[in-house]
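Have a look at the structure first, then we'll go through it topic by topic.

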Amino acid sequence: MRKLIDRLFQGECLTREEFQALVLCEDQDVLELLFQRAKERTEEVFANHVYIRGLVEISSYCKQDCFYCGLRCSNKKAQRYRISPEDILATCEKGYEMGFRTFVLQGGEDDFYTDQMLCELIREICLSCPGSAVTLSLGEKSRRSYEAFRKAGASRYLLRHETATAEHFARLHPPKQRLASRMEALTTLKDLGFQVGAGFMVGSPFQTPEHLAEDLYFLQEFRPHMVGIGPFIPHQDTPFGSYRPGSSALTVKMVAITRGILPGALIPATTALATLSKDARGRALQAGANVVMPNLSPSEVRVKYNLYNNKLSTGTESAQMLEALRKELEVYGRKMDMSRGDSPLWKE
Ligand code: 5AD
């Protein structure tokens with residue numbers, strides 16, 4: 001096992017079976033070694049910096065029907081809202097004044113926002129918030145749309161693959177959603193010069209260690225610039241409402257292995273992880289994670305962006321909260337970095 005960890009951190013490619021052995025490893029001493037290596041590798045590439053992204057949850061409407069997600073269109077109990085382009089811009093401008101230099105516009109797949117509206121909004125954010133990166137997280141769209149967003153000035157796109165195994169993907173989504181089209185979208189985004197974020201849930205229903213090994217194998221092949229990894233958390237008004245949540249320990253382990261695979265990746269300590277366990281966010285930051293995404297959405301709408309039960313909806317609407325985050329990161333020996341923090345692997 002130690003040999004495997006050595007090889008992983010020497011940049012060697014591992015087989016699916018080797019990834020699975022790491023996924024299954026329960027030996028505490030070996031896991032300590034893995035976390036230590038992941039921490040060291042993060043520091044070699046990024047020093048002790050943790051990049052801060054301002055998250056704006058622009059819409060809770062979604063035309064998709066993912067079985068795990070509280071925003072699925074079949075959830076008639078979901079509270080729906082959308083933020084107007086003017087208010088999205090104003091939210092970013094407020095964040096800019098506080099020092100944010102990345103804005104992540106995230107939302108359900110909501111056709112209310114046309115490509116034209118989004119492009120105009122992206123251009124306006126770029127103009128009012130010079131030196132900032134606009135990241136989009138709006139699901140699967142056509143190549144034409146992605147291309148228009150890129151031309152308008154967006155430079156990053158987050159689109160989790162959720163699971164890299166087609167049969168597993170089919171158990172988490174209705175038949176019209178396909179892993180192949182998700183993968184094609186990721187390839188298109190990379191092609192268009194976006195910094196691309198993939199990612200998956202840990203402990204989603206029916207997931208096996210083989211599936212997680214396949215996720216790692218996919219990351220090794222596709223080499224995304226960013227990777228979002230969070231535990232599955234049930235939402236009561238979905239078909240998976242009574243399934244058990246994923247394990248925070250396994251999630252942290254997956255973060256650490258991912259750091260071994262992708263030394264230059266930007267890896268958030270996700271909200272889902274923080275929701276599940278208070279100190280898991282800290283553990284992830286000590287084992288390979290180097291991004292935190294505080295919520296900038298107006299507080300009236302924040303509770304309505306309800307992906308899963310008890311989703312943390314505390315944000316960073318005030319300078320004091322940003323100071324609290326700076327202090328919290330200092331406890332882990334980390335420095336809050338508000339700069340754009342582009343991937344070291346990316347050139348505009
Ligand atoms: N538990 C954890 N993560 C979830 N997501 C959606 N629903 C859940 C859930 N119940 C994640 C998915 C999706 C992102 C928007 O949120 O990975 O890509």
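How exposed is Asp279, going by its relative accessible area? Asp279 comes out as partly exposed, at 48%. Keep in mind that this is a predicted model. Searching the whole structure turns up 19 salt bridges, and a few of them are picked out below.

- Asp279 pairs with Arg283 in a salt bridge, with the closest N and O atoms 3.2 Å apart.
- Arg283 is partly exposed too, with a relative accessible area of 34%.
- Arg281 has a salt bridge to Glu328 (3.2 Å, N to O). Arg281 sits in helix α12 (residues 280–285) and Glu328 in helix α14 (residues 319–331), so this pair ties together parts 47 residues apart in sequence.
- Arg281 counts as buried at 17% relative accessibility, while Glu328 is partly exposed at 31%.

**Other salt bridges**
- Glu140 and Arg182 form a salt bridge, their closest N and O atoms being 2.7 Å apart. This one links distant parts of the chain: Glu140 is in the loop between β4 and α6, and Arg182 is in helix α8, 42 residues apart.
- Arg182 is buried at 6%, whereas Glu140 is partly exposed at 21%.
- Arg7, Glu12 and Glu18 make up a salt-bridge network.

**Negative surface patch**
- Helix α4 is the top contributor, with four residues.
- Glu300 belongs to helix α13 (residues 299–302) and counts as exposed at 58% relative accessibility.

**A buried polar contact**
- Thr163, in the loop between β5 and α7, is buried at 0% relative accessibility.
- The side chains of Thr163 and His168 are joined by a polar contact of 2.9 Å.

Key: Residues are numbered from 1 along each chain as its sequence is written. This is a predicted model: local features need pLDDT of at least 70, side-chain atom pairs count only at pLDDT 80 or more; totals for chains, interfaces and linings use all residues. Side-chain values use heavy atoms; hydrogens and water are left out. Helices (H or I, at least four residues) and strands (E, at least two) are DSSP runs, numbered from the N terminus. Buried means under 20% relative accessible area, exposed over 50%, partly exposed in between (1.4 Å probe, protein chains only). A polar contact is a pair of N or O atoms within 3.5 Å; within protein, one must be able to donate a hydrogen and the other to accept it, and residues adjacent in sequence count only if both atoms are side-chain atoms. A salt bridge is a side-chain nitrogen of Lys or Arg within 4 Å of a carboxyl oxygen of Asp or Glu.
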